[in-house]
Amino acid sequence: MNRFGKLYFRYGTMGSAKTALLLTTAYNFEERGMQYMCMKPSIDNREKENVIQSRIGIKRKCTWIYPDTNLYEFFKQVFNEKLVVINWILIDEAQFLTREQVDQLARVVDDFGSNVICYGLRTDFQSKMFEGSQRLFEIADTIDEIKSTCTCGRKTIINARIDSNGMVVTEGSQVEIGGDDKYIALCRRCWRNRRIESSEQNALKFE
């Protein structure tokens, strides 16, 4: 019997409950006795162990995805060992996947009929798209936005990086792992205004 899977990308800003949604989905699959696996890139090591944990405190063990992991070969081996295809693969922090790994997941969907749901950010603190997210936008079968609201009432679209004083940071490396202490989700207008404020504060320091 032919199986037809789909590659999903569910994206939102930080604090939009992406991880909580993943964990709830995993719980529902478990209750129904469905085959599933939770994974996330090893670069997100905030918990210091292989777990996916939401801001509300719930967590679940997961499998690491390393930068050099070939996900197609990984699942091919898993399926051969288990003699069964995993129906649902849930991936947190999918923005940290490489383009090649996203392509490998697409092959898992197409060749084995598994469903792969990737949860992650669309863009970084400079509003530039992550490599994994860009590839998911290019080839995912289904793309869903998980919306959240800025303090002003508009929809958040920017994951702004902040310093210890709460001022918006505009320069730095694309990846800097952190939570509420380092990031705040903002709408575009509030992000612009916060950047202007930060620039003015920095100018005053050098006067």
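Analyst: Start with a strand pair. Alanine 160 has isoleucine 184 in β11 as its bridge partner. This is a predicted model: local features need pLDDT of at least 70, side-chain atom pairs count only at pLDDT 80 or more, and totals for chains, interfaces and linings use all residues. Residues are numbered from 1 along each chain as its sequence is written, and side-chain values use heavy atoms, with hydrogens and water left out.

User: How many bridges join β9 to β11?

Analyst: There are 4, and the two strands run antiparallel. Strand β9 covers residues 158-162. Strands pair here if DSSP finds at least two bridges between them. Strands are DSSP runs of E with at least two residues, helices are runs of H or I with at least four, and both are numbered from the N terminus.

User: What's the strand order in that sheet?

Analyst: It goes β10-β9-β11, 3 strands in an open sheet with antiparallel pairing. β10 (168-169) and β11 (183-186) are the edges. Each has a single partner strand, so one side of each is left without a neighbour in the sheet.

User: Switching topic. How many salt bridges does the structure hold?

Analyst: It holds 9. The test is a side-chain nitrogen of Lys or Arg within 4 Å of a carboxyl oxygen of Asp or Glu.

User: Which residue does glutamate 30 form a salt bridge with?

Analyst: Arginine 60, with the closest N and O atoms 2.8 Å apart. Glutamate 30 is in helix α1 and arginine 60 is in strand β4 (residues 59-61), so the pair ties together parts 30 residues apart in sequence. Helix α1 spans residues 18-31.

User: What else is glutamate 30 in contact with?

Analyst: Leaving aside neighbours within four places in sequence, its contacts are Tyr36 and Arg60. Contact means heavy atoms within 4.5 Å.

User: Which residues are linked in a network of salt bridges?

Analyst: Arg99, Asp103, Arg135 and Glu138. Glutamate 138 bridges to arginine 99, closest N and O atoms 3.2 Å apart. Glutamate 138 sits in helix α4 (residues 131-139) and arginine 99 in helix α3 (residues 99-112), so this pair ties together parts 39 residues apart in sequence. Glutamate 138 also bridges to arginine 135, at 2.9 Å between the closest N and O atoms.

User: How far apart in helix α4 are glutamate 138 and arginine 135?

Analyst: They are 3 residues apart, about one turn of the helix. Arginine 135 is buried at 18% relative accessible area. Glutamate 138 is partly exposed at 41%, and arginine 99 is partly exposed at 29%.

User: Last one. How many cavities of 30 Å³ or more?

Analyst: The count is 1. A cavity is a set of points on a 1 Å grid over the protein atoms alone where a 1.4 Å probe fits but cannot get out. Points are joined across faces, edges and corners, and the volume is the space filled by probe spheres set on them.

User: What lines the largest cavity?

Analyst: Tyr11, Gly12, Thr13, Arg122, Thr123, Glu145, Ile146, Thr156, Ile157 and Asn159. Lining residues have an atom within 4 Å of a point. By class, that is 3 nonpolar, 5 polar and 2 charged residues. Ala, Val, Leu, Ile, Met, Phe, Trp, Tyr, Cys and Pro count as nonpolar, Asp, Glu, Lys and Arg as charged, and the others, Gly among them, as polar.

Notes:
On a 1 Å grid over the protein atoms alone, a cavity is a set of points where a 1.4 Å probe fits but cannot get out, and a pocket is an open set with protein on both sides within 12 Å along at least five of seven lines; lining residues have an atom within 4 Å of a point. Buried means under 20% relative accessible area, exposed over 50%, partly exposed in between (1.4 Å probe, protein chains only).
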